[in-house]
Amino acid sequence: MKHDYFIFFSNATGVLFGIFYSVSLISVLSFMQGQESNKKVIDKEKIDDLASKRVQCEMLLLFSVGFWCLMSAVAAIALNNTEYNRQQAITVIGILCCVSSLAYYAAPLSSVIQIIRTSDASSIYLPTVVINFVNAFCWFIYGIFGVHDLIIWLPTIIGALLAISEITIKLFYTYIIIKPVDNNSQLDVLNKTTINCLHVNKPNDLIIDIDSDINYIKLNK
């Protein structure tokens with residue numbers, strides 16, 4: 001509708017890759033669910049979790065494809081009417097694109113409460129967030145200096161700021177915050193490792209005295 005080839009080809013490629021990623025994820029989840037079902041010891045909770053995630057991905061994919069097909073139909077109808085209707089269609093679709101872009105850029109922050117609670121930012125994948133920042137910043141420059149289009153530069157500058165906040169959270173909880181250590185878990189691992197590494201000729205002569213208060217193992221023969 002804007003007759004901008006940069007916008008068209010970049011977004012058309014993104015749509016194709018998005019569909020490919022979604023279908024691939026659904027296939028992987030189905031494969032993992034089948035593997036879990038074929039195990040001798042079946043973890044029903046894990047199978048149900050995989051099935052739930054697969055259904056969610058399928059519903060989101062169907063909704064996205066259906067929604068944007070409907071918007072394309074509305075745009076096509078608007079193009080055949082007056083210039084006023086055409087501008088209205090461009091505005092409505094532009095606003096929907098803004099909302100979609102902001103939802104995409106803000107998606108990694110959906111787990112921020114869990115990150116703060118556990119001091120674990122592994123749910124944020126740093127390379128993806130960095131690429132999101134570069135992408136948003138480039139579109140901001142193009143929107144504000146190239147085509148002077150508010151619908152392009154406004155959501156992308158917000159997306160760039162969101163990406164910066166996500167990068168900050170990732171680096172903060174990865175390199176600055178010290179994760180809480182479970183001393184009991186460490187002691188259990190140390191117990192197993194020490195016992196497995198010891199070569200004992202007379203097991204009955206070996207006494208393992210564990211003092212959990214100061215978290216070390218004292219071996220006496």
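Modeller: In α5, the buried residues are V129, N132, A136, F140 and G143. Around the axis they cover an arc of only 75°, so they are on the same side of α5. Please bear in mind that this is a predicted model.

Colleague: What span should helix α5 have, and how far apart are its end C-alpha atoms?

Modeller: Helix α5 comprises residues 126–146. At 1.5 Å a residue, its 21 residues should span 30 Å, and the end C-alpha atoms are 29 Å apart, which agrees.

Colleague: Is I141 of this helix buried, partly exposed or exposed?

Modeller: I141, which is found in helix α5, has a relative accessibility of 33% and therefore counts as partly exposed. The C-alpha atom of I141 is separated by 8.9 Å from that of I157, 16 residues apart along the chain.

Colleague: Let us turn to the backbone. Which residue just after α5 takes a positive phi?

Modeller: That residue is H148, with a phi of about 50°, although H148 is not a glycine. H148 is found in the loop between α5 and α6 (150–176). At 61% relative accessibility, H148 counts as exposed.

Colleague: Where is S119, which also has a positive phi, found?

Modeller: S119 is found in the loop between α4 (112–118) and α5. The phi of S119 is about 55°, although S119 is not a glycine. Is S119 buried or exposed? With a relative accessible area of 14%, S119 is buried, since the cut-off for that class is under 20%.

Colleague: How should I read charged side chains?

Modeller: Side chains of opposite charge can pair when their charged atoms come close. By the rule applied here, which requires a side-chain nitrogen of Lys or Arg within 4 Å of a carboxyl oxygen of Asp or Glu, the count comes to 5 salt bridges.

Colleague: Which residues are linked in a network of salt bridges?

Modeller: The network links E36, K39 and K46. K39 meets E36 at 3.1 Å, N to O, and E36 meets K46 at 3.3 Å, N to O. E36 lies in helix α1 and K46 in helix α2 (residues 44–79), so this pair ties together parts that are 10 residues apart in sequence.

Colleague: How accessible are the members of that network?

Modeller: E36 is buried, with a relative accessible area of 8%. K39 counts as partly exposed at 42% relative accessibility, and K46 counts as partly exposed at 38%.

Colleague: With which residue does R54 form a salt bridge?

Modeller: R54 forms a salt bridge with E58, the closest N and O atoms being 3.1 Å apart. Both residues lie in helix α2, 4 residues apart, about one turn of the helix. E58 has a relative accessible area of 24% and is partly exposed.

Colleague: Which residues make the nonpolar surface patch?

Modeller: The patch is made by V15, I19, V23 and V65 and has an area of about 290 Å². Helix α1 (residues 5–37) gives the most to the patch, with 3 residues. I19 lies in helix α1 and, at 34% relative accessibility, counts as partly exposed.

Colleague: Finally, how many helices and strands does the protein have?

Modeller: The secondary structure comes to 7 helices and 2 strands, and along the sequence the pattern reads α-α-α-α-α-α-α-β-β.

Colleague: What do the totals for the chain show?

Modeller: The protein has 221 residues, of which 21% count as buried. The protein exposes about 15900 Å², and carbon and sulfur atoms supply 67% of that area. Among contacts with a separation of 6 or more, residues 24 or more positions apart account for 62%.

Terms used: Residues numbered from 1 in each chain as written. Predicted model: local features only at pLDDT ≥ 70, side-chain atom pairs only at ≥ 80, totals over all residues. Heavy atoms only, no water. Patch = residues over 30% accessible without salt bridge, like charges linked within 9 Å, V, L, I, M, F, W, Y side chains within 5 Å. Areas by Shrake-Rupley, 256 points an atom, 1.4 Å probe, with all protein chains shown as cover. Buried < 20%, exposed > 50% of the residue type's maximum accessible area, 1.4 Å probe, protein only. Contact = heavy atoms within 4.5 Å. Expected span 1.5 Å × (residues − 1). Arc of directions from axis to C-beta.
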